Amino acid sequence: MQDLRIEAASLAVQELYHAAVAARENSYSPYSHFAVGAAVRTAVGKIYGGCNIENASYGLCCCGERNAIFAAVGAGERQLTALCVVADTSAPVSPCGACRQVMSEFNINEIILGNLKGDLKICTLADLLPYGFAL
């Protein structure tokens, strides 16, 4: 894993980070008040954003990471290369287990964890999900 600040990140990482921050603005989180934004990049460089969407029936909530991935897949994309997730946390935010497994399904190997202060942690899927479920 690599720790760095947004200013020191590559332009590709900065672009994905800013897309995740922008997606976070659309969060619907009236219950937790914990807004999350995510952005996923395809092999051809297209970026899809997603935010968390809550529901009074908590089991029906969906995380920002999965919404970004599902937006890309719903648009016909299958080759996803990187994902960034951002929240207003003291340290870079980490995806939940369900999101990690969905990342595994689409073999997203570069994962960027971030916060609104610009702190980043760049890791691989194996760092986050060393024994993911696969068929």
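How far is the sulfur of C99 from the closest cysteine sulfur, and in which residue is that sulfur? The closest one belongs to C96 at 3.7 Å, too far for a bond; a disulfide is a pair of cysteine sulfur atoms within 2.5 Å. The structure holds 0 disulfides.

This is a predicted model, in which local features need pLDDT of at least 70 and side-chain atom pairs count only at pLDDT 80 or more, while totals for chains, interfaces and linings use all residues. Residues are numbered from 1 along each chain as its sequence is written, and side-chain values use heavy atoms, without hydrogens and water.

An open sheet of 6 strands has mixed pairing and the order β1-β6-β5-β4-β2-β3; strands are DSSP runs (E, at least two residues), and two of them pair if DSSP finds at least two bridges between them. β1 (2-5) and β3 (47-51) are the edge strands. β2 and β3 run antiparallel, joined by 5 bridges, and Y48 in β3 is the bridge partner of V40.

V40 also belongs to the largest nonpolar core, of 23 residues, where V40, I69, L80, M103 and I108 touch the most other members. Such a core is a set of buried Ala, Val, Leu, Ile, Met, Phe, Trp, Tyr and Cys residues joined through side-chain atoms within 4.5 Å. Apart from this core lies another, of 14 residues, including A9, L16, A39 and I122.

Technical notes:
Buried means under 20% relative accessible area, exposed over 50%, partly exposed in between (1.4 Å probe, protein chains only). Helices (H or I, at least four residues) and strands (E, at least two) are DSSP runs, numbered from the N terminus.
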